Amino acid sequence: QLTASPFLRIGQLSNVDLNEDIHELETELPRQHPNEIPHNEKLLSLKYESLDYDNSENQLFLEEERRINHTAFRTVEIKRWVICAMIGILTGLVACFIDIVVENLAGLKYRVVKGNIDKFTEKGGLSFSLLLWATLNASVVMVGSVIVAFIEPVAAGSGIPQIKCYLNGVKIPHVVRLKTLAIKVCGVILSVVGGLAVGKEGPMIHSGAVIAAGISQGRSTSLKRDFKIFEYFRRDTEKRDFVSAGAAAGVSAAFGAPVGGVLFSLEEGASFWNQFLTWRIFFASMISTFTLNSVLSVYHGNAWDLSSPGLINFGRFDTEKMGYTIQEIPIFIFMGVVGGILGALFNALNYWLTMFRIRYIHRPCLQVVEAMLVAAVTATVGFVMIYCSRDCQPIQGSTVAYPLQLFCADGEYNSMATAFFNTPEKSVVNLFHDPPGSYNPMTLGMFTLVYFFLACWTYGLTVSAGVFIPSLLIGAAWGRLFGISLSYLTKGSIWADPGKYALMGAAAQLGGIVRMTLSLTVIMMEATGNVTYGFPIMLVLMTAKIVGDYFVEGLYDMHIQLQSVPFLHWEAPVTSHSLTAREVMSAPVTCLRRIERVGTVVDILSDTSSNHNGFPVVESNPDTSQVAGLRGLILRSQLIVLLKHKVFVERANLSLVQRRLKLKDFRDAYPRFPPIQSIHVSQDERECMIDLSEFMNPSPYTVPQEASLPRVFKLFRALGLRHLVVVDNRNEVVGMVTRKDLARYRLGKEGLEELSLAQT
């Protein structure tokens with residue numbers, strides 16, 4: 001949710017609580033704040049927790065693993081494949097649902113408006129048609145925005161940044177809940193039907209991830225139903241692998257690109273990877289494309305013809321008349337440069353806009369009003385452009401779904417209307433495949449300019465919507481314009497086919513905005529069904545990424561940074577070798593003894609000033625001469641389960657056996673562990689003792705305090721840790737490294753900079 005970061009860029013940055021009124025802010029700013037952060041627009045939020053990719057190998061875990069024999073492991077493996085198949089099927093069905101509903105609702109809206117325009121063109125009074133169009137759009141978008149703003153704000157936007165963070169190991173609240181999925185699907189249908197400059201492809205990735213997280217747990221916490229299946233997978237390690245499969249299935253349902261989905265999951269998402277995972281993810285993606293394909297084929301009435309692999313189908317490009325020659329390669333590279341510059345401009349504008357939204361438009365009602373305003377403006381702009389355009393084309397042989405005649409002669413239609421009076425997906429396909437001469441250069445130029453700003457304004461609204469299709473559309477428009485001007489300059493040479501340049505422009509623009517390389521190349525190749533263009537598309541995307549990165553970072557990374565998420569990149573900052581673990585770590589550390597008083601544990605957990613989640617366990621000898629060496633690590637969630645089940649004994653008879661807990665007790669509490677406030681411990685019980693030795697992880701990862709930051713970072717990132725204990729040469733705990741300590745160091749313009757931590 002973008003509306004919670006405490007950024008205020010006013011000379012020096014102040015960290016101001018956003019719920020104050022704006023008038024109060026204005027009076028407060030001249031005074032120096034106590035928590036003034038000089039020249040630092042970058043904060044890290046403390047509200048995000050880390051996921052634990054590392055299993056806690058305590059005695060319970062080891063006992064259970066020893067009990068499982070070879071056949072049981074085989075059933076676990078089979079269950080994994082079954083879950084992947086189910087993820088694929090359900091993601092495909094959700095995609096079908098979105099597609100069919102959007103098609104019908106949008107078709108209905110366009111028929112109503114078209115009939116209205118045709119009626120009023122003859123007898124005058126077109127302003128009424130404009131009013132009807134704008135009202136329809138605004139009211140549909142209002143519903144879509146209200147459900148997002150008031151019910152589940154995480155469902156806003158495309159959801160790709162959130163899923164990226166989740167796979168990186170950051171626990172974003174509510175991101176993989178069932179409620180989020182419902183709001184996401186309804187929201188994306190409403191925002192596409194409401195005529196905003198958005199696509200329905202981005203949210204598919206989020207939807208796939210939610211489906212995966214839900215199925216793999218074998219129960220729904222929202223519906224309070226436990227199906228008692230897949231209990232083995234109730235931990236972060238397994239859940240995260242399935243979520244990456246879900247994200248891949250989402251991409252592959254959206255674009256009909258299973259390989260692209262796997263590569264997307266590899267490039268943008270999953271931080272941890274192995275071969276078995278790759279194969280399972282590919283399986284899920286294939287199944288999802290196949291499901292979508294068969295259901296849509298049945299829906300379109302040709303049950304045996306599997307011809308619509310994805311939500312967007314760019315149509316096939318003919319290789320015969322659409323080859324490319326060696327002298328076109330510099331032209332493609334030039335297009336990549338243009339795409340990179342335009343993409344950087346898009347991101348910079350969106351950055352300022354998001355800053356403004358975070359600062360002022362943070363109340364849900366204001367967000368809904370803004371979404372309605374954008375919807376109305378989009379309709380108005382489209383109408384005015386169609387009204388002013390005098391670009392008429394003959395209807396014969398054209399494939400326009402809703403041809404608007406307006407002031408054209410009979411048998412002709414307004415070609416500006418094909419771009420605006422259509423869902424963005426259809427417009428992209430038209431720009432790729434309409435024969436040369438279908439568009440006036442003036443029309444394309446105006447359309448590119450207007451749509452660029454509309455799309456930029458729309459991304460980051462409180463509606464669920466993706467940025468893929470609008471950026472493809474902008475790129476296809478200027479690419480086609482480029483192709484037309486080329487054939488004009490070369491006196492109509494055959495190789496300047498506008499459709500081919502529209503494809504390259506679309507790739508360049510999308511690459512310049514989101515900066516994906518590998519997966520995007522493959523997605524474009526699979527969606528157009530053409531391998532010939534692999535090389536030019538790759539060139540264009542590489543150029544766009546290099547040029548764009550010179551100015552600003554990609555859109556998704558920018559939004560992750562704006563939400564001040566502690567995101568860990570692949571490598572530590574380049575110049576950080578001078579820092580050691582001692583400088584990075586958080587100290588002092590709250591340690592527990594191996595046999596601890598219950599009262600002490602409760603007090604430590606209830607202390608609001610230190611909401612630690614991991615506690616090193618040290619040797620509990622009363623004898624002071626002995627070193628209090630590190631014995632293990634125990635998590636807050638484990639302690640809470642122990643207190644909830646009252647696993648402790650009176651002080652007198654320590655030899656008595658405690659109540660045996662099974663690993664199942666910990667799994668049943670996952671993922672929403674009760675807060676410590678909900679657990680009641682009586683005064684007598686506070687005096688009891690609790691023995692942590694069989695629940696703690698006896699072999700936590702540790703580093704010596706002299707280790708350099710890149711080394712610590714590599715260990716932490718590659719193993720997906722949540723806590724890394726720093727010890728001195730006597731094995732005494734001196735500090736703890738968590739995700740926030742590492743994410744604080746970032747390469748800025750002047751070199752290594754350290755971010756400050758904010759409570760919000």
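Trainee: Which strands does helix α23 lie across, and at about what angle to β13 does α23 run?

Mentor: Angles run from 0 to 180 degrees between N-to-C directions, with axes as lines fitted to C-alpha atoms, for helices over the stretch in contact. In this case α23 lies across β10, β12 and β13, at about 75° to β13. Keep in mind that this is a predicted model, where local features need pLDDT of at least 70 and side-chain atom pairs count only at pLDDT 80 or more, while totals for chains, interfaces and linings use all residues. Residues are numbered from 1 along each chain as its sequence is written, and side-chain values use heavy atoms, leaving out hydrogens and water.

Trainee: What is the average pLDDT of the protein chain?

Mentor: pLDDT is the predictor's confidence in each residue, from 0 to 100. The chain averages 81, and 88% of its residues score at least 70. Residues 1-40 are below 50, yet this stretch has 72 contacts in the model beyond near neighbours in sequence; a contact means heavy atoms within 4.5 Å. Where pLDDT is low, the predicted coordinates should not be read in detail.

Trainee: Back to the sheet: what is the order of its strands?

Mentor: Two strands pair if DSSP finds at least two bridges between them. This open sheet of 3 strands goes β10-β12-β13, with mixed pairing. β10 and β13 are the edges, and each has a single partner strand, so one side of each lacks a neighbour in the sheet. β12 and β13 run antiparallel, joined by 5 bridges. Valine 617, for instance, has glycine 632 in β13 as its bridge partner, and glycine 614 stands opposite leucine 635 in β13.

Trainee: Why is α23 largely enclosed by the rest of the structure?

Mentor: Count buried residues, meaning under 20% relative accessible area; exposed is over 50%, and partly exposed lies in between (1.4 Å probe, protein chains only). In α23 (residues 636-644), 8 of the 9 are buried, so the helix is largely enclosed. Among those buried are Arg636, Gln638 and Leu642. Their cover includes β10, β12 and β13, along with α22 (598-606), α24 (663-669) and β14 (689-691). β13 is largely enclosed too, because 5 of its 6 residues are buried. Just after α23, lysine 646 takes a positive phi of about 55°.

Trainee: And two helices together: at what angle do α18 and α19 pack?

Mentor: Helix α18 (residues 518-528) and helix α19 (residues 534-551) pack at about 145°, their axes 9 Å apart. Leu520, Thr521, Met524 and Met525 of α18 make the contact with Gly534, Ile537, Met538 and Leu541 of α19. An α-helix has 3.6 residues a turn, so residues three or four places apart point the same way.

Terms used:
Helices (H or I, at least four residues) and strands (E, at least two) are DSSP runs, numbered from the N terminus.
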